[in-house]
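Please keep the sequence at hand while going through them.

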Amino acid sequence: MRRRELLAAAAVVFSSPLAGAAPAEASTLAPLEDLLLYGTATVPKHSEVSPAGVAAAVKASRQDFRAPRYDTLARTLPGRIAQAQALEPAELSATAVADLYNVATRLCIKLGEDGLVAITADRALNSARIGGDALTIAEAHRMVSSAWRRQATSHAPPTSPSGPRRTYVRT
């Protein structure tokens, strides 16, 4: 009888709204994930593919991130990236694309999506190298190091409760 009560209580705890919070965040990033994995993003209808239009898109993305309007950013970022990719010349396009992928990396970090962090950071670095802007390259390198750090901490073995083990060497 007690076992049934325990199982019923466990079912209530594990089916609570808090247990379902992570999938809601995953669906927030669905448009960005579709862009990264399938390349399914188009330039928004009312956006301007010009240096000024793309600069405005980068600025708007940064403002959405700082606000924090993460849902809006996740919905609009794929279209803004497609807008930047359509820009000519390639160097200007690559720098803007790298800036937007850096914002995407920060968004994925905030939402705890470590798998997408690595992909967006890699794309930011590749685009930044093509663009040649030193500041954008430095930021992309920083995002890559954040991705590596997040991967290392998610796969690190647990430490003991007493802290790290110390070894002493006699001399």
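1. I begin with the packing of α4 and α5, whose axes lie 10 Å apart and meet at an angle of about 160°; axes here are lines fitted to C-alpha atoms, for helices over the stretch in contact, and angles run from 0 to 180 degrees between N-to-C directions. Helices (H or I, at least four residues) and strands (E, at least two) are DSSP runs, numbered from the N terminus. The two helices α4 and α5 are therefore roughly antiparallel, given that angles under 35 degrees count as roughly parallel, over 145 as roughly antiparallel, 65 to 115 as roughly perpendicular and the rest as oblique. Their crossing is left-handed, a term used if the near helix is turned anticlockwise from the far one by less than a right angle, with right-handed used if clockwise.

2. On the α4 side, Gly53, Val54, Ala57, Ala60, Ser61, Asp64 and Phe65 meet Tyr70, Thr72, Leu73, Thr76, Leu77, Arg80, Gln83 and Ala84 of α5, where contact means heavy atoms within 4.5 Å. Sorted by class, the contact of α4 with α5 has 8 nonpolar, 5 polar and 2 charged residues; Ala, Val, Leu, Ile, Met, Phe, Trp, Tyr, Cys and Pro count as nonpolar, Asp, Glu, Lys and Arg as charged, and the others, Gly among them, as polar.

3. The model is a predicted one, in which local features need pLDDT of at least 70 and side-chain atom pairs count only at pLDDT 80 or more, while totals for chains, interfaces and linings use all residues. Residues are numbered from 1 along each chain as its sequence is written, and side-chain values use heavy atoms, with hydrogens and water left out.

4. Where should the reader be careful about confidence? The mean pLDDT of the protein is 79, with 73% of its residues reaching 70 or more; pLDDT is the predictor's confidence in each residue, from 0 to 100. Confidence is lowest in helix α1 (residues 2-14), at a mean of 50, and highest in helix α4 (residues 51-66), at 94. Over residues 10-26 the pLDDT is below 50, and this stretch has 3 contacts in the model beyond near neighbours in sequence. Where pLDDT is low, the predicted coordinates should not be read in detail.

5. As for the overall make-up, the protein has 8 helices and 0 strands. Of its 171 residues, 32% count as buried, that is, under 20% relative accessible area, with exposed meaning over 50% and partly exposed in between (1.4 Å probe, protein chains only). Among contacts between residues at least 6 apart in sequence, 66% join residues at least 24 apart.

6. Helix α5 (residues 70-85) also packs on helix α6 (residues 90-111), their axes coming within 9 Å and crossing at roughly 160°, and α5 and α6 are therefore roughly antiparallel to each other. The crossing of α5 past α6 is left-handed. Residues making this contact include Tyr70, Leu73, Leu77 and Ile81 of α5 and Ala96, Leu100, Val103 and Leu107 of α6. The residues of the α5 and α6 contact divide into 14 nonpolar, 2 polar and 2 charged.

7. The axes of α4 and α6 come within 10 Å and cross at roughly 15°, which makes α4 roughly parallel to α6. This crossing of α4 and α6 is left-handed. Pro51, Val54, Ala57, Val58, Ser61, Arg62 and Phe65 in α4 meet Leu92, Ala96, Asp99, Leu100, Val103, Arg106, Leu107 and Lys110 in α6, a contact with 10 nonpolar, 1 polar and 4 charged residues.

8. Leaving aside neighbours within four places in sequence, Arg80 is in contact with Ala57, Ala60, Ser61, Asp64, Leu73 and Leu100.

9. Two cis peptide bonds deserve a look. One joins Ala67 and Pro68, with omega about -15°, and Pro68 sits in the loop between α4 and α5. Another joins Glu88 and Pro89, with omega about 0°, and Pro89 lies in the loop between α5 and α6.

10. Finally, Ala90 lies in helix α6 and is partly exposed, with a relative accessible area of 46%. Ala90 and Ile130 are 40 residues apart in sequence and 8.0 Å apart in space, C-alpha to C-alpha.
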